[in-house]
Amino acid sequence: MKSYTLLFFFGAALLAGSCRKADVNTGSDFAKIEEQAISDFVHVVAIPGYDELKTKASILNTAISTLNIIPTDANLDAAKIAWRDLRVTWERCEGYLFGPVEDDEYDPETDTWPVSFNDLDSLLASSNPLGVDDIEALNQRSLKGYHPIEYVLWGKEGLQTAAGITDRQKQYVTSLSLHLKSQAEKLYSSWAPGGGNYGQHLLNAGKGSTLYPMKKDAFLAILEGMLAICEEVGEGKMKEPFDTQDPNIVESPFSGNSVSDFRNNITGALNVYKGKFNDDGVGLNELVRAKNIALDNEIQQKFNTAINSFNSITKPFEQAIISERIQCQTVMDALEALSETLDTKLRAFIQQNITD
Amino acid sequence: MRIRKIYWITAILLLPAVFMMCRKASEFDESQYDPRLSGGEATVFDETSKAFGHQVPGLSSHDEHVHEVGDGAVEKTFVTAPAPINSGLGPIFSNVSCISCHHNDGKGNPTAGLVNSSLLIRLSVPGSDAHGGPLAVDGYGLQLQDVAVFGVQPEAKINITYTENPFTFPDGETASLRNPTYTLLNPYKPLPGNLMMSPRMAPPFFGLGLIQSIPESTILAFADENDADGDGISGKANYVYDPYLQKTMIGRFGLKANTATILTQVAGAYNQDMGVTNYVFPKESSFGQSQLDSHVDDPEIADSILNAAEFYIRTLAVPARRNVTDLTVQSGENIFRQLNCVGCHKPTIQTGVDLSLKCVSNQRIHPYTDLLLHDMGDGLADGRPDFKADGKEWKTPALWGIGLFEKTNGVPYYLHDGRARTLEEAILWHGGEAEKAKQGFIQLSSTDRKALIKFLKSL
């Protein structure tokens with residue numbers, strides 16, 4: 001009799017255990033979401049992001065080539081649009097600045113600020129060849145990448161005209177755009193299967209990867225990427241010019257594109273959180289939602305508040321730091337609140353709940 | 001009578017105090033401490049690529065602000081003067097920003113002259129200067145600047161080649177040690193025949209506030225210059241002249257402990273690595289040379305920026321250890337002790353009291369260094385003395401964070417010039433005072449060697 005009772009309890013416990021298994025809170029469904037979120041980070045966010053980057057870098061290169069052949073202001077405008085459009089993608093890709101982009105320094109190679117005006121002027125005034133190999137060989141990154149292109153397309157005061165672009169500048173900007181294109185192609189390839197296949201390190205997280213021995217390590221790397229860009233915008237890119245009220249420190253000043261850059265950085269981080277780039281996928285948000293809806297709501301709300309707060313800045317950032325200080329402060333406060341939540345609550349969530 | 005009573009009362013009152021003093025003198029058992037806290041209170045729990053870049057906990061809001069200003073400062077890309085911002089690069093330099101060499105606040109790549117290079121070469125000729133330091137090379141100074149702003153000739157280019165030397169363990173497993181050769185190409189003026197060169201790769205930034213807080217007496221207590229205990233390990237402190245404080249002090253920073261303070265280390269890097277003048281080193285690195293520009297703009301960074309950069313580096317936390325309960329890691333730690341690696345790589349040190357910076361003050365830390373100079377044998381010798389360090393001696397590098405180099409750097413490199421690509425290679429390069437420990441490592445079973453490496457990776 002006693003053993004039957006025991007057996008009954010044992011069976012009941014098993015049943016209860018199997019019921020709980022179906023529940024995402026502790027069971028295998030949560031593990032499935034983990035698996036899917038890592039896979040989607042690689043296949044829906046990271047690689048498609050870099051794929052779009054290389055496509056848009058190619059479009060910019062074509063637009064600049066067209067401008068060189070037919071130097072009209074309409075073609076100059078088209079090149080400017082292509083530059084801005086490429087920036088949208090790049091700034092969003094900065095939502096995950098880890099892996100080859102960091103290890104192989106694609107970021108400083110293409111997005112160094114400030115531009116070295118003196119060396120740029122000396123270079124253009126010299127007889128130094130300006131082919132793409134010559135550009136790649138330059139030992140100063142402040143002469144390469146997005147911002148020198150921006151400088152040539154817009155001019156120092158933002159008043160460039162197609163007729164005002166010299167032959168040397170044309171050669172230079174063409175090679176710069178080719179360099180940018182080749183960097184984007186290499187970056188894409190570094191993640192893609194058949195290339196460096198960095199994505200596989202993440203896909204192997206918790207399954208033999210030395211870089212990510214546990215799945216938790218992959219999610220923490222993803223979190224650090226999101227957090228780093230939110231902090232960089234709020235505490236660096238915005239705060240420093242704001243505190244010093246020095247428009248010279250603002251990035252992308254020739255095009256007046258800074259606020260757009262900032263907003264796209266944060267959108268990029270939100271994309272990472274939601275496991276999307278263009279297509280929707282499964283992100284960290286679904287893991288959080290499975291166990292703590294309130295936290296997911298809080299994170300998404302703080303992301304949205306931060307992203308929407310940029311709308312209140314109506315002037316280019318280099319002017320806004322002087323004349324729209326309250327609006328700038330509001331954005332920085334929203335970013336600080338977002339960073340704080342990611343750094344404490346989301347980090348604690350990952351550490352407590354992702355244990356494999 | 002009354003007096004006697006007071007004596008008694010005093011004696012009774014003192015008794016607990018005496019007991020308390022006794023208790024104070026005894027230490028907690030090792031197991032009472034959390035082994036993950038490599039930096040004591042100044043430890044941070046992050047094992048991602050950003051692990052070296054966190055501020056120590058508990059800074060005041062003012063100190064946090066200064067730390068953040070310093071964080072921004074070390075990321076700044078300098079450009080040719082005159083410029084509206086970040087003016088003052090070069091005219092000759094090694095790289096354009098602190099983080100170009102110190103990747104993710106850590107180490108970098110053992111290449112020279114490229115945009116992502118982290119290796120430089122110190123120069124001197126035989127003899128010593130008025131303060132016992134190395135003797136500068138006429139027209140070159142004490143450090144080679146192998147890059148220049150557009151249109152200016154660098155001092156020379158550095159060429160690095162490697163020869164692979166295969167190594168076989170007694171159990172048949174193999175490794176390969178790459179032996180570097182450094183040559184200078186296209187010097188802007190003839191180099192002396194008796195030139196001495198020392199390659200140095202950028203070391204990590206973090207934990208240096210704690211290192212600066214270690215009492216000099218603690219470091220000296222590790223020293224055994226004449227090997228009185230006969231364990232084959234001597235160890236001596238470097239004493240170096242600090243040009244800012246204008247006095248001779250114990251050396252703590254730099255790969256030969258040739259710098260006394262973080263301030264001088266940072267200011268020297270601005271000046272020599274980037275060509276950026278500052279209040280500690282107000283003269284251009286090209287002073288007296290043909291590359292010198294004519295700008296009257298020194299110092300090229302504000303005093304407050306140099307101070308903020310110094311504070312940033314002083315307040316970077318140490319990453320916590322991982323996998324400390326793993327049995328293989330624990331076995332590896334045991335082997336590390338048994339081979340007497342701890343003879344130089346001291347596991348535990350107590351920092352001194354620093355009232356200005358609580359988080360580095362009086363901390364029980366695990367840097368795995370004694371900060372002393374040791375003869376490391378011919379294989380690693382640079383042949384270039386640096387104050388009291390001779391041509392075979394190097395400072396024991398701290399090992400904390402060494403297991404994260406793969407994360408922070410993509411590809412990890414070890415030793416003073418990044419010649420070692422794995423921790424195993426790094427150990428096999430040890431010689432001189434570390435020869436015995438290395439031989440012990442070689443004789444280990446493959447399982448035990450792997451356990452030792454796994455322990456190092458937990459740091």
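In this predicted model, strand S6 of chain B, which spans residues 157–168, lies largely in the open, because of its twelve residues the number buried is one. Strand S6(B) is joined by twelve bridges to strand S7 of chain B (residues 174–185), and the two strands run antiparallel. Within this pairing, B:Pro166 stands opposite B:Ser176 of S7(B). Five residues lie between the strands of the hairpin, and there B:Gly172 adopts a positive phi near 95°. B:Asn186 counts as exposed, with 11 C-beta neighbours inside 10 Å.

Elsewhere in chain B, helix H8 (residues 327–338) and helix H12 (residues 446–457) have axes that come within 7 Å and cross at roughly 100°, and the two helices are therefore roughly perpendicular to each other. H8(B) contributes B:Thr328, B:Val329, B:Ser331, B:Gly332, B:Glu333, B:Ile335 and B:Phe336 to this contact, while H12(B) contributes B:Asp448, B:Ala451, B:Leu452, B:Lys454 and B:Phe455. By class, the residues of the contact comprise six nonpolar, three polar and three charged.

In chain A, helix H3 (residues 73–93) has 21 residues and reaches 30 Å from its first C-alpha to its last, close to the 30 Å expected at 1.5 Å a residue. Among the buried residues of H3(A) are A:Trp83 and A:Trp90, together with charged side chains including A:Lys80, A:Arg87 and A:Glu91. The buried residues of this helix pack against helix H2 (28–69), helix H8 (146–154) and helix H13 (258–274) of chain A.

Cis peptide bonds are found in both chains: one joins A:Trp113 and A:Pro114, with omega about 5°, and another joins B:Ala81 and B:Pro82, with omega about -5°. A:Pro114 belongs to the loop between helix H5 (106–111) and H6 of chain A, whereas B:Pro82 is placed in the loop between helix H2 (61–75) and strand S2 (92–93) of chain B. A:Asn197, although not a glycine, has a positive phi of about 55°; this residue is situated in the loop between helix H9 (167–191) and helix H10 (198–203) of chain A, and is partly exposed, with 13 other C-beta atoms within 10 Å.

Between the chains, 31 residues of chain A are in contact with 23 residues of chain B. On the chain A side, the elements that give two or more residues are helix H4 (100–103), helix H6 (117–125) and helix H11 (215–237), and H11(A) gives the most, with seven residues. This side of chain A has ten nonpolar, ten polar and eleven charged residues.

Note on methods. Residues numbered from 1 in each chain as written. Chains lettered and ligands numbered in written order. Predicted model: local features only at pLDDT ≥ 70, side-chain atom pairs only at ≥ 80, totals over all residues. Contact = placed C-beta atoms within 7 Å. Helix = DSSP H or I, 4+ residues; strand = E, 2+ residues; numbered from the N terminus. Axes fitted to C-alpha atoms, helices over the stretch in contact; angles between N-to-C directions. Parallel < 35°, antiparallel > 145°, perpendicular 65-115°, else oblique. Expected span 1.5 Å × (residues − 1). Buried ≥ 20, exposed ≤ 12 C-beta atoms within 10 Å, placed from the backbone. Pairing = 2+ DSSP bridges.
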